[in-house]
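Here is a friendly briefing to read alongside your structure. Take a look at the chain first, then come back for the notes.

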Amino acid sequence: MSEKWTTADAVDLYGIDRWSSGYFGVSDAGEVLIHPQGKGSHTANLMDVVRGMQERGLDLPVLVRLSDILDERIKRLHESFSVAAGEYGYQGSYRGVYPIKVNQQQQVVEEICSFGAKYHHGLEAGSKGELIAAISFLKDPQAYLVCNGYKDEEFVDLGLYALKLGIQCVFVIEMPSEVPVIVERAKALGIRPILGVRVKLTSQAGGHWTKSGGERSVFGLTTMEIIKVVDELRDAGMLDCLKLLHYHLGSQIPNVRDIREALKEACQIYIGLVEEGAPMGVLDLGGGLAVDYDGSHTDFSGSRNYTTSEYFSAVVEEIMSALDETGIAHPDLITESGRALVAYHSVLLFNVLDVGRIERFSAPPQLPAEPHDLLLNLRETLDAVETRNVQECYHDALYYRDESHQLFKRGLISLRERALAGQMFWQILTRVAERLKTLDYVPDEFENLDAALADVYYCNFSLFQSLPDSWAIDQLFPIMPIHRLDEKPTRAGVISDITCDSDGKIERFIDLRDVKQTLPLHDPGDDDYILGVFLIGAYQETLGDLHNLLGDTNVVSVRLDGDGHVHYAREIEGDSVADVLSYVEYQPKEMVVSVREMAEKAVKEKRITAKERRAIMRAYEDGLRGYTYYEREN
Ligand SMILES: *Cc1c(COP(=O)(O)O)cnc(C)c1O
């Protein structure tokens, strides 16, 4: 009976309990809450974060980093391993390393090193730049610094010096050609390296992101190459340095079965290396621990069919079943989980600037005195939607719409007549959609109708800058309003950013079963209507490009205390227009000079006054200094 909309309905509609892992919820007042310690823990209101930020003069769009959630992810990873190890009697320990490439921002790397110290959480570096960053942040002698990626002499020297400084820096050999360089530099500097080998497994995993793993991987050694590396190390008297086996199946592995299969193969290689006489002791499983972006808990590419605990149970179980019969000691485990560690802690917030909607005129438009046949036909179809076969009406409408374009091109109907035809066409489609709602079975051809009729919410952000994977690989992120959740959303929308690019649109949304083409949204009204895109902490921040010269957004890092107070730990102002222009080699100072000369010339020629010149220059210079996104008038 109860038809009244409650916040529980909003929780269900947006699937928040399914994808948020307990970190987000909804208050009785209909605003999104943050629960950094998981469901039911102390909390703060995301809207309060926005209000506090705006009071401090920081505008939307903003990327909010919730440092407490990052800490909780690290804790959850280590505790999940401990529970699994305890349950199965696993003897090795766990040392996670964070791959810097997943989110390279200094404050993220810093936070992981400082909070992660109690778990000896280390770092993974895939390039010289990342190694240089890692050396300055990793202070814990028990944490690992795993070096993947191509290593030249300079890279190797840096890593060896790091080892001398007391950092457990491991060189993972990815290519046979790295061996002579490492051997030569280690001998020259008189430092015994810690070495690992990266194997290219034949096991494959499903999902979008897995091209970097498996057989097609450009990195890693085949079994033939591994044997060759072992022989070379033995000849160089360095086989005793080989301690680690690494593989990386790819990122976002949705199916736990693929994780098990890869591990089975890796364990046999590990055993083989021990049999070859390498001391070993560490098994590094790479990344792949997935995030359940759509909350479906399935093996769909944007999801995962296992929890972190189940992941570690599977890992521990597979290793034990392979090794226990051989008598080889359980290795210490490394995982290079990046996505699962950082995805949850960042939320992108932006305001809706405008809504484009198809006019849903209740009454048909007034036709001219002597209407063209086309208009009469459309009018007749419009009147018949409720009574005639709905598919037939739909086909007629499409036909007349095409006809109107043809007639217009040949000059046979006027601009106004074409507009009337368009108006009636959309009215027919709206009515068709209404009628379809009453049918038990909806034919496939109407699949895209809802999306075609959806409102377009123009939002103050750039997809290319802030959500590159949404554009590049169609990744889905949970998106929802962060307030007004005590009101029933009455519209169905798609999202467009402000780049005016047809690719700058989001038209696919998470759904429990499939993918939704529209998102239920509120009528924005006159106040700010704010949407949040969640789980964007991994891979989104540094891939961004300066499409339409829209730059980095503002960033705030916040922490919550036990009383629900929000502390603004750090604010980073987004790019100004001048910043962005200088990235692409413009010279903002010279640009000001050039406009000033132009204005002065206009004064001389009496086209503007000196006072007007001042106003023009002020507007131009304010524009250069300003945020690249839409700013509200203060
Ligand atoms: C990208 C990458 C990772 C991170 O994988 P996630 O799935 O984000 O955990 C780990 N290891 C290597 C070698 C990588 O290239």
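This is a predicted model: local features need pLDDT of at least 70, side-chain atom pairs count only at pLDDT 80 or more; totals for chains, interfaces and linings use all residues.

Residues are numbered from 1 along each chain as its sequence is written, and side-chain values use heavy atoms, with hydrogens and water left out.

**Salt bridges**

- A salt bridge here is a side-chain nitrogen of Lys or Arg within 4 Å of a carboxyl oxygen of Asp or Glu, and the count by this rule is 40.
- Glu507 is partly exposed at 41% relative accessibility, and Lys505 is partly exposed at 31%; the labels mean buried under 20% relative accessible area, exposed over 50% and partly exposed in between (1.4 Å probe, protein chains only).
- Asp511 pairs with Lys516 at 3.8 Å between the closest N and O atoms, and Lys516 is partly exposed at 24%.
- Lys601 bridges to Glu605 at 3.7 Å, where Glu605 is partly exposed with a relative accessibility of 43%.
- A network of salt bridges links Arg260, Glu261, Lys264, Glu317 and Glu318.

**Surface patches**

- Patches are made of residues with over 30% relative accessible area and no salt bridge, joining like charges within 9 Å and nonpolar side chains (Val, Leu, Ile, Met, Phe, Trp, Tyr) within 5 Å.
- Accessible areas come from the Shrake-Rupley method with a 1.4 Å probe, and for residues only the protein chains shown count as cover.
- A patch of negative charge on the surface brings together Asp444, Glu445, Glu447 and Asp514.
- Within that group, Glu445 sits in the loop between helix H15 (415–436) and helix H16 (449–453); helices (H or I, at least four residues) and strands (E, at least two) are DSSP runs, numbered from the N terminus.
- Leu549, Tyr583, Val584 and Tyr586 form a nonpolar surface patch of about 370 Å².
- Val584 lies in the loop between helix H19 (577–583) and helix H20 (588–604) and is partly exposed at 38%.

**Buried residues**

- Gln252 belongs to the loop between strand E10 (242–246) and helix H10 (256–275), and is buried at 0% relative accessibility.
- A polar atom of the Gln252 side chain lies 2.9 Å from the backbone oxygen of Val291, and one lies 3.1 Å from the backbone oxygen of Ser303.
- Ala44, in strand E3 (residues 44–45), is buried at 4% relative accessibility.

Methods
Lys and Arg count as positive and Asp and Glu as negative; His and the chain ends are not counted. The place of a charge is taken as NZ of Lys, CZ of Arg, CG of Asp or CD of Glu. A polar contact is a pair of N or O atoms within 3.5 Å; within protein, one must be able to donate a hydrogen and the other to accept it, and residues adjacent in sequence count only if both atoms are side-chain atoms.
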